[in-house]
Amino acid sequence: MKTFSTVRDIEPSADSLPFFTQRRTQKHLYFHYKLEKDDIIYGLGENMGNINKRGKTYVSYNTDNPRHRENTPSLYSAHNFLIVDGHDHFGVFFDTPSKITFDIDNTTDDEMFVRTANDNLDIYIITASDSNSIAREFLSLIGRPFMPPLWAFGFGQSRWGYQNEADLLAVMEGHKLNKLPLDWLCMDIDYMDHFKDFTVNKLRFPLLSRFVEKTREKGIHLVPIIDAGIKIEKGYDVYDEGIENDYFCHNKDGGIFKAEVWPGMTHFPDFFKPEVRKWFGDKYESLIKLGFEGFWNDMNEPSIFSSEYSRYQGRLDVIKSYLNPHHKEDKAEEAAHFDYHNFKNSVEGREVVHHLVHNLYGGYMTMASSQGIERHYDKRFLLFSRASCIGAHRYGGIWTGDNESRWDHLRTEFHQLPGLNMCGFLFSGADTGGFGGNCTRELLLRWLALSVFTPLMRNHSARHTRKQECYRFGHTKAFRNVLGLRYRLLPYIYSEFMKAALSGDMYIKPLAFVFSDEKGRNCEDQLMVGESIMIAPIMEKRQTQRKVYLPEQMTMVTYRNQQFSTEIMEKGEHTIIIPEDEVVFFIRHDHCIIIGKPAMNTSEVDLDDVELLGDGKEYRQYLDDGYTKNASMDNTRLCSRTTA
Ligand code: MIG
C-alpha cells in the first residue's frame, strides 16, 4: 500500500539498507543503529524532547493528549524523519502509516532502536556532507510547503470561550484601545449550532456574513474551527449526505462507526476516499461564501471521548482519568485498544483496520480542506491543523496542540521548532501563553518574545482558565513593544519564510546547521531564524539575564520602547540582560535584515518601504502582494544601503 506521504517509490532492499541492522519478528520490524557518545540526532518534528533527540522514547501514533510531560511518548502528529550527525552523517525517513517507536539512547545507552507495527514501510536514506543539505534534500523529496497569505503572519488572538459577536468585538476593542496590533481572531466550537460542522449558531451570530464583513473592514480576519466528527442527526445535511453516499468510516464488524465527541455521537468521514475528500473539501465553500479566508482543523487524530467499543462511558470518565494520578502517560495505547482497532478506512478500494493507517487520518483531512478551499477561493488562505503526518505540510500549517501555561512548555516549543521545520511544517507554532492552566504576565511576555519569530503567532487559551489576552495584565506598554516588534520584522519574517518555502529550506534551524563547532553543535537554547537572525530568548521564570554563545561576531539588537538599538558583539560567550519589556536578538556578521515601519495591522505593512539593519551590505527580499498563488523566487529584489 502506498501511503499518503510517499512521493517517490524506492523499494527498500533488506540486504542493502545502510547504517542499520534489521530484524524481523512475526509482528514487527526492528532497526538498530549503534550510537557513538557524541552523535547527535535531530528531527522527529513535533515530538517533545530536546533539539538533540537522544535520551527519550518517541511513539508516532497521533494522540489527543492534553498533558504534555517530559516522558509523553506521543503527541498529535507522526513526523518520522531524523538526522544522525556523528561518525555517520545521514537522514532517514520511515514512511509508514501506523505506529512506529524510536527508542533513542533511552532504554539502552548508545543504542537507537526503531520498531514498526508491521512491514508496510518504505525507508529513505539521505546522505550529504552536512545536516542542512540533508534536510534540504528531504524537503525537496516531500514537496513544497503550504504558504499562507501575509495577514496570517500577523498576530492572532484566540480563546476557547469567545461565544458570540460581543465577545469577539470586545477583544478587537481591547486591542484597539491599548494600541496592540491584531490581524485575526479565532472562532472556537461555540460558533457552531450544537458543534455541527458547517453550521452557525444563529442566536450568537444572527448575521454572520455581515459580521465577517464588518470585521474585515477593520482589518481583522475571523478564523473558524472545523472538527473531524460529524453529528449523527437526521435532517443535518452533512450527516444525511454522508449516510446516503457511504462517506463515513465503517465498523470492524459492519455498520457505521459511532463515537462520542463534542456534538455527542458522531460519524467520522473516511478521508482516505478521494470522493469523501472532494465532498468534505467542497463544504468549506459555504464558509468562504460567508467571507472567511482562514480555517483551523481540530480533533483529527481523530480524538474520541468514548465509542461503542471503548471502556469510557462518556466524557466524565475521560476527565476523571486525567485527574487520576495513575493515569497512563501513553494515552495512545488506550485509544488504539478501544477505538482505533475497531473501525476501518477504505484505502484504494480495500477496507483496512484504522489502526494500520491511523497516522494519516489528520493529514488526509487537511488535504481535503486545503484542496476544497483552493477550488472555491482564488487567493492564498490560512489553514492549520492539529494532527498531521509527513506530507501534510503541503496542505496547511499546524499548531502543537494543548500545551499549558508552564515554563517548560515554552522550552518545549523552542525545542519543537527546528524538528517541525525539518519535516516541512514551516508554518507552525504553539499556543502562545499556554492553552491549559493560568498564564502570568511574565510568562506571556517571555513567550511572545519567542512567538515574534514563529510564522504562526497565536495566543490561545482554554475556557475556565485565566483570561490571557495581551491587555489583561496591566502595564500594556511591554506588550505593545513585543507585538510592535513582530510587525516591524514582518518584511523579514515574510521574506525569509517565503524564500525557505520556495527553495526547499528550513525557516528555523538548530544553531548547529549553520555553526558546526563544538558549542554550536551542542546548543539547546539558541536558534537560527531565517538566514540572518539568531535568537536566544529567556525561557526561565524570574530570570532577566542569560548566557549567549556567539559563534562569530554579531550585531546585538535590542527592541525597547518601540526603538531599535544595536551593538556589535565579539565572538564568544556573553551574559546579556533582557528585562521583561524588551526583546533582544542577533544579526549574523556581514548580514542585514530588513525592518518596516510600525503598524497595527498587516494592511498597514508596506513591504516596499524597508530599512536595513546589521553590518552587511545588502539583503535579498522576497515580496509580493501578500496573497498571490503564483509565488515564485522571481519575486525577489536586492535591497542595498544605497537603494534602501
Ligand atoms: O476537546 O475546540 O486543541 O485548541 O480550543 C478540546 C476546543 C477541543 C482542542 C484544541 C483546542 C480547542 C479545543 N479543542
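Predicted model: local features only at pLDDT ≥ 70, side-chain atom pairs only at ≥ 80, totals over all residues.
1. Thr-101. This residue sits in strand 8, which spans residues 100-104.

2. His-267. Strand 17 covers residues 264-267 and includes His-267. The residue is buried, with a relative accessible area of 4%. A polar atom of the His-267 side chain lies 2.9 Å from the backbone oxygen of Phe-257.

3. Around His-267. Neighbours within four places in sequence are left out here. Contacts of His-267 include Ala-228, Gly-229, Ile-230 and Ile-232. Tyr-239, Ile-243 and Phe-248 are also among them. Ile-256, Phe-257 and Lys-258 complete the list.

4. Helix 5 and helix 8. Helix 5 runs over residues 274-289, and helix 8 over residues 361-376. Their axes come within 7 Å and cross at roughly 50°. The two helices are therefore oblique to each other. Their crossing is right-handed.

5. The helix contact. Helix 5 contributes Arg-277, Lys-278, Phe-280, Gly-281, Asp-282, Tyr-284, Glu-285 and Ile-288. From helix 8 come Tyr-364, Met-365, Met-367, Ala-368, Ser-369, Gly-372, Ile-373, Arg-375 and His-376. By class, this contact has 8 nonpolar, 4 polar and 5 charged residues.

Methods
Residues numbered from 1 in each chain as written. Heavy atoms only, no water. Helix = DSSP H or I, 4+ residues; strand = E, 2+ residues; numbered from the N terminus. Axes fitted to C-alpha atoms, helices over the stretch in contact; angles between N-to-C directions. Parallel < 35°, antiparallel > 145°, perpendicular 65-115°, else oblique. Left-handed = near helix turned anticlockwise from the far one by under 90°. Contact = heavy atoms within 4.5 Å. Nonpolar A, V, L, I, M, F, W, Y, C, P; charged D, E, K, R; others polar. Buried < 20%, exposed > 50% of the residue type's maximum accessible area, 1.4 Å probe, protein only. Polar contact = N/O pair within 3.5 Å; in protein donor to acceptor, adjacent residues only side chain to side chain.
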